[in-house]
Amino acid sequence: MEQVAKAIGFIVYAVASADKHVSPEEKKVVHDIINENWKILADHEDPFGVRALDFIDKMMVVLDEKKVDSEEAFRLFKEVYDENRERFTPGMNNFIVTICIKTAAAFNQLNKAELVLLSRIELLLKAI
């Protein structure tokens, strides 16, 4: 589950930073959504599931401090996704799309960069 949590950290950061700025509102939305939903989606046999929220929060801080751009964060997500596709269930993929949409909408209205990225994420996760 660590790889899935890492990938979620990458992709929500990619969305949050699509407009070149990660707002406190976007960070709070990510934190709240994962806090409310992660336990439902986590593998109950995987002890990492309970630490996922902290892991993803820290991942976003690290990426922000390193000034990783949105495209690089997307590439990092895709790399983890491609290497671990079997761990990304349809439910997990829907969760990722939902959290990405809510993150993008957290600060003002969706901009063109966010809309394009959301489309790319959805296409990637819906691909067979």
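Helices (H or I, at least four residues) and strands (E, at least two) are DSSP runs, numbered from the N terminus. The model is predicted, local features need pLDDT of at least 70, side-chain atom pairs count only at pLDDT 80 or more, and totals for chains, interfaces and linings use all residues. Residues are numbered from 1 along each chain as its sequence is written, and side-chain values use heavy atoms, with hydrogens and water left out.

**Exercise 1. State how many helices and strands the protein chain has, and what share of its residues is buried.**

Solution. The protein chain holds six helices and zero strands, so that, under the DSSP rule for elements, its order from the N terminus reads α-α-α-α-α-α. Of the 128 residues, 45% count as buried, where buried means under 20% relative accessible area, exposed over 50%, and partly exposed in between (1.4 Å probe, protein chains only).

**Exercise 2. Characterise the packing of helix α4 against helix α6.**

Solution. Two packed helices are described by the angle between their axes and the distance between the axes. Here α4 (residues 70-83) and α6 (residues 112-126) pack at an angle of about 5°, with their axes 12 Å apart; axes are lines fitted to C-alpha atoms, for helices over the stretch in contact, and angles run from 0 to 180 degrees between N-to-C directions. That makes α4 roughly parallel to α6, since angles under 35 degrees fall in this class. On the α4 side the contact is made by Ser70, Glu71, Phe74, Phe77, Lys78 and Tyr81, and on the α6 side by Leu117, Arg120, Ile121, Leu124 and Leu125. These residues divide into seven nonpolar, one polar and three charged, with Ala, Val, Leu, Ile, Met, Phe, Trp, Tyr, Cys and Pro counted as nonpolar, Asp, Glu, Lys and Arg as charged, and the others, Gly among them, as polar.

**Exercise 3. Identify salt bridges and say which parts of the chain they link.**

Solution. A salt bridge is a side-chain nitrogen of Lys or Arg within 4 Å of a carboxyl oxygen of Asp or Glu, and by this rule the count comes to seven. One of them joins arginine 120 and glutamate 71, whose closest N and O atoms are 2.8 Å apart; arginine 120 lies in α6 and glutamate 71 in α4, so the pair ties together parts that are 49 residues apart in sequence. Aspartate 64 and lysine 27 meet at 3.7 Å, N to O, linking helix α3 (residues 52-65) to helix α2 across 37 residues. Lysine 28 and aspartate 32 have their closest N and O atoms 2.5 Å apart, and, being four residues apart in α2, they are separated by about one helical turn.

How values were computed
Angles under 35 degrees count as roughly parallel, over 145 as roughly antiparallel, 65 to 115 as roughly perpendicular and the rest as oblique. Contact means heavy atoms within 4.5 Å.
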